[in-house]
Amino acid sequence: MKMRTSLLAAAVLVAGLAVGPSVLPAAATAPAASTAAPSSPGPALEAAIAGLPRADATAALVRVGGTEGVWHGSSGVHDLKTGRPADPAARFRAGSVTKVFTAAVALQLAQEGRLDLDRSARSYLPELIPASYAGVTVRQLLNHTHGIPAPDFPGTTVEEAYANRFRVHDPEDMVRSATSKKREFAPGERQHYLNIGYTVAGLLIERVTHDSYERQVARRVLGPLGLRNTYLPGAAPRIAGPHNHGYQTMRLDDGTTGLRDVSVWRATDGWAAGDIISTTADLERFTDALFKGRVVRGPLLEEMFTLPEVTDFGTGEPAAYSVGLSMKVLGGREVWGKTGGRWGYNAAIASTRDGSRTLVYSVNSTDAKGQGMNRTAETIMVAAYGRP
């Protein structure tokens with residue numbers, strides 16, 4: 001198996017989890033916030049992150065920007081052992097926010113004529129994509145309408161994932177695993193949000209540029225925007241630089257349920273779909289530039305704000321994902337963005353289409369990668385934009 005070593009959100013609520021004081025100390029400090037404009041959601045956001053650490057989260061970092069007001073806040077602890085305040089400038093695992101960067105690079109390549117959104121993925125990767133998936137286009141990879149199922153990974157529980165946390169997953173092997181299975185639906189017929197489309201997209205970027213995915217993201221996005229605290233870790237398991245520790249609720253060695261420090265974990269299973277590490281300041285700068293057309297320019301930017309006219313594979317609801325982003329109506333207006341989750345961490349970027357209110361958060365959630373949204377993360381989103 002080929003090893004890549006170059007440097008380069010959603011969760012189950014656990015409000016009722018009983019955790020002793022030796023595991024979750026009292027909140028180290030009250031939320032630290034900057035001066036908020038009168039129209040900003042500062043008070044609601046301050047309340048949303050007050051009282052950390054608690055059962056569902058140990059820390060939260062939040063930035064709101066845009067013409068409607070600015071607010072920055074942090075709460076919780078850097079780690080449970082020392083209980084010192086969370087570092088508001090800390091790096092964190094942003095999970096599927098990575099997909100926005102991948103989509104942006106793919107759209108830049110489309111603008112340059114090097115990648116055709118209507119061309120089949122197999123035409124670029126004939127040795128990897130089998131004939132049974134010959135109809136899948138590049139656009140369908142990026143908007144989750146491809147019908148390719150998820151690859152197989154060892155284990156199905158968080159405990160099994162933790163036991164395999166240092167395993168290196170090769171993207172080509174993941175694609176082979178996925179495409180060896182029967183398709184979920186005909187390409188373009190439904191939408192099913194999965195990582196695999198972006199794993200293929202990362203390989204497409206490498207094929208047409210004859211360069212690594214990581215270097216292309218760095219050259220095309222990170223460098224031009226000055227995102228100095230954002231990087232793609234490859235097979236490195238540690239978060240480089242200052243970071244607040246992530247904890248996950250799981251069964252411990254003694255058979256009890258509690259929190260385990262999961263800060264050190266290889267994210268190669270995510271790769272171009274979910275391994276990026278960043279800060280709230282960098283992601284805020286990226287979000288602002290993206291929505292202002294400084295990352296993807298011209299008509300191709302509209303791909304990120306166009307939902308396919310299909311229904312969700314699992315629920316039958318209308319499609320919610322575009323190329324790179326997703327959309328939800330909050331407080332009576334459309335909010336576009338992307339959430340992400342890695343064990344111990346939830347993150348999100350969001351904005352109104354006109355950029356009047358942007359939001360970036362990192363929540364050190366203890367229930368990451370579950371089936372629902374983390375309680376603290378959900379409260380932050382509602383405080384920033386209003387209820388669905």
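Predicted model: local features only at pLDDT ≥ 70, side-chain atom pairs only at ≥ 80, totals over all residues.
Residues are numbered from 1 along each chain as its sequence is written, and side-chain values use heavy atoms, with hydrogens and water left out.

**Stop 1: helix 2 and helix 8**

Select residues 98–111, which form helix 2, and residues 213–225, which form helix 8. Helices (H or I, at least four residues) and strands (E, at least two) are DSSP runs, numbered from the N terminus. Two packed helices are described by the angle between their axes and the distance between the axes. Here the angle is about 80° and the axes are 10 Å apart. Axes are lines fitted to C-alpha atoms, for helices over the stretch in contact, and angles run from 0 to 180 degrees between N-to-C directions. Helix 2 is therefore roughly perpendicular to helix 8; angles under 35 degrees count as roughly parallel, over 145 as roughly antiparallel, 65 to 115 as roughly perpendicular and the rest as oblique.

Next, display the side chains where the two helices meet. Helix 2 contributes Thr98, Phe101, Thr102, Val105, Gln108 and Leu109, and helix 8 contributes Tyr213, Gln216, Val217, Arg220, Val221 and Leu222. Contact means heavy atoms within 4.5 Å. The residues of this contact of helix 2 with helix 8 comprise 7 nonpolar, 4 polar and 1 charged. In this division, Ala, Val, Leu, Ile, Met, Phe, Trp, Tyr, Cys and Pro count as nonpolar, Asp, Glu, Lys and Arg as charged, and the others, Gly among them, as polar.

**Stop 2: Thr102**

Remain in helix 2 and select Thr102. Is Thr102 buried or exposed? Thr102 is buried, with a relative accessible area of 0%; buried means under 20% relative accessible area, exposed over 50%, partly exposed in between (1.4 Å probe, protein chains only). Not counting residues up to four places away in sequence, Thr102 touches Tyr198, Ala201, Ile205, Tyr213 and Ala272. The side chains of Thr102 and Tyr213 make a polar contact (2.6 Å). A polar contact is a pair of N or O atoms within 3.5 Å; within protein, one must be able to donate a hydrogen and the other to accept it, and residues adjacent in sequence count only if both atoms are side-chain atoms. Thr102 and Ile205 are 103 residues apart along the chain, and their C-alpha atoms are separated by 8.7 Å.

**Stop 3**

Gly202, Ile205, Glu206 and Thr209 of helix 7 make the contact with Tyr213, Glu214 and Gln216 of helix 8.

In the loop between helix 7 and helix 8, select His210. Most residues other than glycine have a negative phi, and most peptide bonds are trans. His210, although not a glycine, has a positive phi of about 55°. His210 counts as exposed, at 72% relative accessibility.

**Stop 4: strands 6 and 7**

Select strand 6 (residues 247–251), which is largely enclosed by the rest of the structure because 4 of its 5 residues are buried. Strand 6 runs antiparallel to strand 7 (residues 257–261), and 5 bridges join them; two strands pair if DSSP finds at least two bridges between them. Gln248 stands opposite Arg260 in strand 7. The hairpin has 5 residues between the strands, and in it Gly255 takes a positive phi near 90°.

Continue to Trp271, in the loop between strand 7 and strand 8 (276–278). Trp271 has a positive phi near 40° and is buried, with a relative accessible area of 4%.

**Stop 5**

Select helix 10 (residues 375–385), whose buried residues include Ile380, Met381 and Tyr385. The buried residues of helix 10 pack against several elements, among them helix 1 (42–48) and strand 2 (57–65). At the start of helix 10, a side-chain oxygen of Asn374 reaches to within 2.9 Å of the backbone nitrogen of Thr376. Gly386, with a positive phi near 105°, follows helix 10.

Finally, select Pro53 in the loop between helix 1 and strand 2. Leu52 and Pro53 are joined by a cis peptide bond, with omega about 5°.
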